[in-house]
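Please take the model below one region at a time, with the sequence at hand.

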Amino acid sequence: MALERRAELGEFLRSRRARLRPEELGLPAYGGRRRVPGLRREELAQLAGVSVDHYVRLEQGRTLHFSEAVLDAVARALRLDAVERAHLYRLARPWPETGAFDSAGEQDQRQRVRPGLRRLLDSTPDVPAYIVGRNTDVLAWNRLAAALITDFGALPPRQRNLARLVFLDEGMRNLYADWHGKAGDVAAYLRLDAGRHPDDPHTAELLDELAAGSPEFRVAWAEHRLKDKTHGRYVYRHPVVGELDLGFETLRLPDDPDQALIAHTVDEGTPSETALRLLANWAREILPVGAER
């Protein structure tokens with residue numbers, strides 16, 4: 001499951017070709033039954049205005065030095081959104097890595113949460129908030145986030161990982177009203193993160209573990225979806241206070257884009273606001289303030 005850059009590039013482009021139909025793009029449907037779903041390579045090359053051989057070399061990853069003009073043309077032909085376009089550029093024209101790994105596979109500088117951010121989390125006791133780092137590791141959290149999702153402090157550090165929890169922890173299936181939607185979002189975010197650091201051995205280890213332990217992850221991963229964590233909402237089915245319909249907003253740290261602070265929101269005057277208030281009262285009685293890895 002390791003994210004080998006050339007293989008990932010080919011699989012990504014094929015998955016995006018497969019979702020397009022010739023008739024939708026004004027192309028004639030040549031021949032009889034098609035052997036592949038979506039566009040053929042020749043059709044994609046025609047739409048992009050590049051030679052078939054040039055596109056085949058891109059999809060097969062024969063080289064990782066394609067011009068911006070070619071990548072832009074392919075992105076337009078495939079109708080990639082901004083997140084997918086950036087992913088294509090990372091795979092086809094790799095950016096310099098921001099962190100090096102030693103012979104044991106350890107990063108030179110492990111992720112740390114600044115004390116100021118730790119205090120920020122603790123100063124918002126009525127808002128579930130936590131910080132996610134590389135590979136969906138949960139780096140820090142406040143008490144209400146622990147009450148809402150899980151008591152991160154009671155878990156071994158290695159298990160404080162959203163992907164592991166969502167795909168390998170049976171309790172998470174009951175926590176989310178739409179578990180499959182949440183699982184798909186986590187897999188799509190993990191693929192986006194893995195594309196930023198394809199040489200991280202910890203990513204490869206995590207992907208292998210998820211693939212071995214969860215058939216749902218294997219299906220979601222094969223879809224090649226990409227999704228950044230920006231904003232949205234999930235419905236939680238909490239065992240203590242019942243259903244909570246919560247939004248979330250994400251703040252990515254300017255000096256460390258691999259860390260993101262996620263804060264949940266609730267609509268005023270709703271049953272979810274009452275449930276969240278009850279959850280905060282319950283959390284103050286039984287949980288510590290919060291912790292950091």
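Setting aside residues up to four places away in sequence, Tyr236 touches Leu148, Leu175, Tyr176, Gly242, Glu243, Leu244, Leu246 and His264, where contact means heavy atoms within 4.5 Å. This is a predicted model, in which local features need pLDDT of at least 70 and side-chain atom pairs count only at pLDDT 80 or more, while totals for chains, interfaces and linings use all residues. Residues are numbered from 1 along each chain as its sequence is written, and side-chain values use heavy atoms, with hydrogens and water left out.

Tyr236 is also one of the residues with the most contacts inside the largest nonpolar core, which has 46 residues; Tyr130, Ile149, Phe167, Tyr176, Leu190 and Phe217 are others in that group. A nonpolar core here is a set of buried Ala, Val, Leu, Ile, Met, Phe, Trp, Tyr and Cys residues joined through side-chain atoms within 4.5 Å, and buried means under 20% relative accessible area, with exposed over 50% and partly exposed in between (1.4 Å probe, protein chains only). Helix α10 (residues 179–196) supplies the largest share of this core, seven residues. Another core, of 28 residues, lies apart from it and includes Leu71, Val74, Leu78 and Leu80.

Strand β5 (residues 256–265) holds Ala260; helices (H or I, at least four residues) and strands (E, at least two) are DSSP runs numbered from the N terminus. With a relative accessible area of 0%, Ala260 is buried, and beyond its neighbours within four places in sequence it is in contact with Tyr130, Ile131, Val132, Thr250, Leu251 and Arg252. Although Ala260 and Gly133 are 127 residues apart in sequence, their C-alpha atoms are 6.5 Å apart in space.

Gln111 lies in the loop between α5 (82–92) and α6 (115–122), yet counts as buried because its relative accessibility is 19%. Its side chain reaches the backbone nitrogen of Arg134 at 2.8 Å and the backbone oxygen of Asp258 at 3.4 Å.

Definitions and conventions
A polar contact is a pair of N or O atoms within 3.5 Å; within protein, one must be able to donate a hydrogen and the other to accept it, and residues adjacent in sequence count only if both atoms are side-chain atoms.
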